[in-house]
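Visitor: Could you take me through some of the labels used for this structure, and show me how each one is reached?

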Amino acid sequence: MRRWVVLAMVLLGTGLAQPARWTGQAEYRAIPGAPTAAGAALDRSYVLVYPAQGTPRGTIVLVPGFLGGATNFEALARRLVLAAPGWAVWAWDRRANGLEDRRGFTSPDPWAYYQNYQLPDFPFLKDWGLKVHLDDLEQVVDQARSTSPVVLAGHSLGASLASLFALYRGDKISGLILLDGAPRLIPLTREQYFGGTEGGFGRLAGLNELLEGRAPPYINAFGLNPVGFAQAEAQAFMTAQNPQADAPPGWVPFRASRLAAALSRVDDRYALSPIFSVSVGQSTGREGISLFSFFVGSVVYTIRGPRGGRVEWRDSGEATDPMEFISSYANPTTGFSEWFFPYRLSLDISAYDVAMPELRPRSLAYPVLALGAGRGLLPQTSNFQSVGEVFPSTRVDIRILPGLTHLDILTSRNGAAVGPIAAYLQGVR
């Protein structure tokens, strides 16, 4: 009987069967975190809890990546709690998610609300680095493991953070899963960490500039900023309510349905950054080639306007279901993005051996499961080389899920990552 259960899980993860999806209501909880100068009201992180189905066996804590929020894992979590009976899923929101003004989602016009969104300063963010977040995550793990084992699973930069937790307090968890991410994705030298560096898109500030107030304390560069994240979530929220309505003025420079306007920002055919793209279909509009293609080395399209009355969106059967993606993108409680991602955290992770010298390679008492996305950040097994370096003498199971973008690995309608994760959880002691 067990062989058939495992086989069913594997089929779910390869797309040969459509996995069931839990339809209950997830609970959002605040968990006290590490004390900082920001004060107790802000020294907390959050989890979106999808309860175990059946007799409890353990908890898997999902750690989002760069700029990611808890609902990154909405599609994955709802499939996983059914595919892995007895396992609760906790999708983590880092402490900066508590800084978001989400009142716009309960206003009559969320888009208009965030059109006038004023960016606050939040100077204390410069202190919210790796140590603070590892201590926050330890509080989450401690609360989850009070009754059962805990497995950490991180996506992208969240895989780096989960790996560093395994170096920091690896004895408190019973498993580690990396989703298109690795312990160190973009390494910085000691000099770059403190003094900054010149990148392909301009200068990146170092820790000295950040602490002296000469650099923003949260990510606000290259078109990535809290206002843009808030507006994107407002678009998704309004689209989920009425996908076929006309997009309000300002969403796109042509007439389009809300669905077409919202998805054209994130679909891999049109998105400027492949790191933040998902494959959800195609527009019906007239297309051109983006000049950005010359910089990224791959073809990126633009939508020039409608062929008829307005631009519509077509579900072409790609990896991610467009309506499921839109419906999970934003809500009044939390969303797909971490609007105020601390710049300090990205610096510290990239130079963790400088920021926290006590984090040294160690072997783990449990295996590591590493899943790469065939069209994502780590599309080849060789891209996971750092896993073996950070966790010597540890068994590492590396698999590449073909055809998926960096986000599809979380949002795939066929639950491509669900089967391998569920099978891994079966072996957790």
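Visitor: What makes the charged end of Arg 269 count as sitting over the ring of Tyr 301?

Guide: In this predicted model, the charged end of Arg 269 is 3.9 Å from the centre of the Tyr 301 ring. A charge has to be within 6 Å of the ring centre, and also within 35 degrees of the ring normal, and the charged end of Arg 269 does sit over the ring. Another case is Arg 95, which lies over the face of Trp 128 at 4.7 Å from the ring centre.

Visitor: Why is the pair of Trp 22 and Tyr 50 called edge-to-face?

Guide: A search of the whole structure finds 20 aromatic pairs. For Trp 22 and Tyr 50, the ring centres are 6.0 Å apart and the planes stand at 75°; because centres within 6.5 Å make a pair and planes over 60 degrees apart count as edge-to-face, the name applies to these two rings. The pair also links distant parts of the chain, since Trp 22 is in the loop between α1 (2–14) and β1 (27–32) while Tyr 50 belongs to strand β2 (residues 44–50), 28 residues apart.

Visitor: How do you know whether Trp 22 is buried or exposed?

Guide: Its relative accessibility is 11%, and buried means under 20%, so Trp 22 counts as buried.

Visitor: What makes Tyr 114 and Trp 339 an edge-to-face pair, and where do they lie?

Guide: Their ring centres are 5.6 Å apart and their planes are at 85°, which is over the 60 degrees required, so this pair is edge-to-face. Tyr 114 lies in helix α3 (residues 110–115) and Trp 339 in the loop between α11 (322–329) and α12 (343–350), so the pair ties together parts that are 225 residues apart in sequence. Both Tyr 114 and Trp 339 are buried, and they belong to one aromatic cluster together with Phe 105, Tyr 113, Tyr 117 and Phe 237.

Note on methods:
Residues numbered from 1 in each chain as written. Predicted model: local features only at pLDDT ≥ 70, side-chain atom pairs only at ≥ 80, totals over all residues. Heavy atoms only, no water. Phe/Tyr/Trp six-rings, centres within 6.5 Å; stacked < 30°, edge-to-face > 60°. Helix = DSSP H or I, 4+ residues; strand = E, 2+ residues; numbered from the N terminus. Buried < 20%, exposed > 50% of the residue type's maximum accessible area, 1.4 Å probe, protein only.
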